[in-house]
Amino acid sequence: MPLVRSVSRAVSQALQSSGCGCGVSILPVRCIGVSPRQVASDASFHSVSFADTDHPRVLITGGLGQLGVGLAKLLRKRFGKNNVILSDIRKPADNVFYSGPFIYADILDYKNLREIVVNNRITWLFHYSALLSAVGEANVPLARAVNITGLHNVLDIAAEHSLRLFVPSTIGAFGPTSPRDPTPDLCIQRPRTIYGVSKVHAELMGEYYHYRYGLDFRCLRYPGIISADSQPGGGTTDYAVQIFHDAIKTGKFQCNLKPDTRLPMMYIDDCLKATLEVMEAPAEALSMRTYNISAMSFTPEELVQEVQKHIPELEVTYNVDKTRQAIADSWPMNFDDRNARKDWGWKHDYDLPELVTTMFSFLGSDSRIAQAN
C-alpha cells in the first residue's frame with residue numbers, strides 16, 4: 001500500500017510539471033506487470049483502409065495533453081462526434097467531458113486497453129501518452145515505463161487488431177551528432193534524454209512491426225508546437241509560448257535561451273492538419289514510416305522583433321538556462337521535410353507573422369495591443 005501511494009504521488013507531481021509537447025499523459029508504474037503475450041510470427045496484419053469503412057473509429061491515448069483535445073475536435077468534425085474517443089487517466093474538464101466520448105484508459109494496463117479497442121471497434125489509434133524530456137529526466141524509471149512499456153502494449157494491440165497506428169516523434173529524437181541545418185529524415189540519431197531515446201525506439205519499433213507484421217504504423221517528428229490553448233510547461237521550446245502571455249500580462253519577458261538559438265517551430269493548427277493528412281494518405285504514397293514536418297524556424301530574437309510589432313514597449317531580457325540551452329544546442333535548427341511534401345502533399349499555412357497575429361487574437365487584446373494598433 002505505501003508503494004501505491006508513493007507511485008501515485010510521483011505521478012501527480014509529474015502531471016503538475018508537464019502538459020506540453022506531444023500530448024502528455026502520465027501513467028502509474030504499478031501496472032507494468034502485464035500478462036505475457038506474443039504476436040504470431042507467421043501472422044499477416046494490415047489496417048482497415050479509409051475507403052473500406054464509412055468512418056474510422058478513433059481512440060486517442062494521453063488525450064488531455066497539449067494536442068489530444070484539439071485533435072479530437074478536428075477528427076470529430078471530420079468523422080462525427082461519436083466516432084472519436086478521447087482517453088486519459090486524469091479527470092477531464094467539463095467542457096472536454098461533454099464535448100464527446102471520453103473514457104479512462106491506462107496504456108500500462110494491457111487487458112483494459114485491449115478491451116477498449118475490442119468493445120469500441122477501434123480502427124485508428126493515436127498514441128499521445130508520453131513523459132516529456134524535463135519530467136522524464138527527473139524520473140527515468142517512470143518515463144521508461146510510460147514511454148517504452150506503454151508503447152509495446154499499444155504496438156501489440158494495434159498489430160493484433162489491424163489498427164492504423166499513429167505515434168508522434170519529436171525534434172528531441174536527434175542528438176548533438178545529428179546534422180542540424182538542415183536535419184534530414186534519415187541520419188544519425190543519438191539523443192541524450194530518456195524522452196528522445198524512447199522516441200527513437202518508437203520510430204524503429206513501429207517500422208519493424210510494419211515490415212514484420214504489416215502494421216500500418218505512421219509517425220511524424222514534430223518541431224516545437226505553439227498553442228494559445230495551453231500554458232507553457234517549462235520545456236525547451238516553451239519560451240515561444242511564454243512570451244505572448246508575459247507580453248500581455250506584464251509587458252516584460254525573460255528568455256531562458258540565447259537570442260540566436262534557432263529551432264524549428266509550428267503553430268498547433270498546422271500540426272493537427274499534418275497529423276490528419278498523413279493518416280488519410282494512401283499507404284502506397286508513403287515511402288517511409290516516419291517523416292519530418294516543418295513550418296518555420298526562428299530564434300528568440302526574431303520572435304521578439306515580430307511580437308514588438310504588436311507591443312512595441314515589450315521589455316526583453318535574457319537569462320540563459322544552461323540545461324535548456326544544452327538541449328536546444330543538440331536539436332535541429334531546421335527540419336528537412338521535402339519527403340513529406342513530395343509523398344503526401346504536406347504544406348504549412350502559418351509562417352512567423354501569421355503565428356504571432358493568431359496567438360494575440362486568441363489570447364485576447366488588452367490596452368497595450370490596443371494602443372499599439
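The model is a predicted one, so please read every value here as computed from it. The protein has 14 helices and 13 strands, and 55% of its 373 residues count as buried. Among contacts between residues at least 6 apart in sequence, 79% join residues at least 24 apart.

**The open sheet β8-β10-β12**

- Three strands make up an open sheet, ordered β8-β10-β12, and their pairing is mixed.
- At the edges sit β8 (224–226) and β12 (296–298), each of which pairs on one side only.
- From one strand to the next, the twist averages 45°.
- Helix α8 (residues 239–249) packs on this sheet and touches β8, β10 and β12; the direction of α8 makes about 25° with that of β8.

**Helix α8 against helix α10**

- Besides packing on the sheet, α8 meets helix α10 (residues 300–307): their axes come within 11 Å and cross at roughly 30°.
- An angle under 35 degrees counts as roughly parallel, and α8 and α10 are therefore roughly parallel to each other.
- Their crossing is right-handed.
- On the α8 side the contact is made by Y239, A240, I243, F244 and A247, and on the α10 side by P300, L303, V304 and V307.
- The residues of this contact divide into 9 nonpolar, no polar and no charged.

**Strand β4 and its partners**

- Strand β4 (residues 124–127) is covered on both faces: W124 and F126 are buried on one side, and L125 and H127 are buried on the other.
- Strand β1 (residues 58–61) runs parallel to β4, and 4 bridges join the two.
- β4 also pairs with strand β5 (residues 164–166), again in the parallel sense, over 3 bridges.
- L125 is a handy landmark here: L59 stands opposite L125, and in β5 the bridge partner of L125 is L165.

**Helix α4 against helix α6**

- Helix α4 (residues 110–119) and helix α6 (residues 140–160) pack at an angle of about 35°, and their axes are 10 Å apart.
- The crossing of α4 and α6 is right-handed.
- From α4, the residues in the contact are Y110, L113, R114 and V117; from α6, they are N153, V154, D156, I157 and E160.
- Sorted by type, the residues of the α4 and α6 contact are 5 nonpolar, 1 polar and 3 charged.

**The loop residue G100**

- G100 lies in the loop between α3 (94–97) and β3 (102–104).
- Buried means under 20% relative accessible area; with a value of 10%, G100 is therefore buried.
- Setting aside neighbours within four places in sequence, G100 is in contact with R76 and K81.

Definitions and conventions. Residues numbered from 1 in each chain as written. Predicted model: local features only at pLDDT ≥ 70, side-chain atom pairs only at ≥ 80, totals over all residues. Heavy atoms only, no water. Pairing = 2+ DSSP bridges. Axes fitted to C-alpha atoms, helices over the stretch in contact; angles between N-to-C directions. Contact = heavy atoms within 4.5 Å. Parallel < 35°, antiparallel > 145°, perpendicular 65-115°, else oblique. Left-handed = near helix turned anticlockwise from the far one by under 90°. Nonpolar A, V, L, I, M, F, W, Y, C, P; charged D, E, K, R; others polar. Buried < 20%, exposed > 50% of the residue type's maximum accessible area, 1.4 Å probe, protein only.
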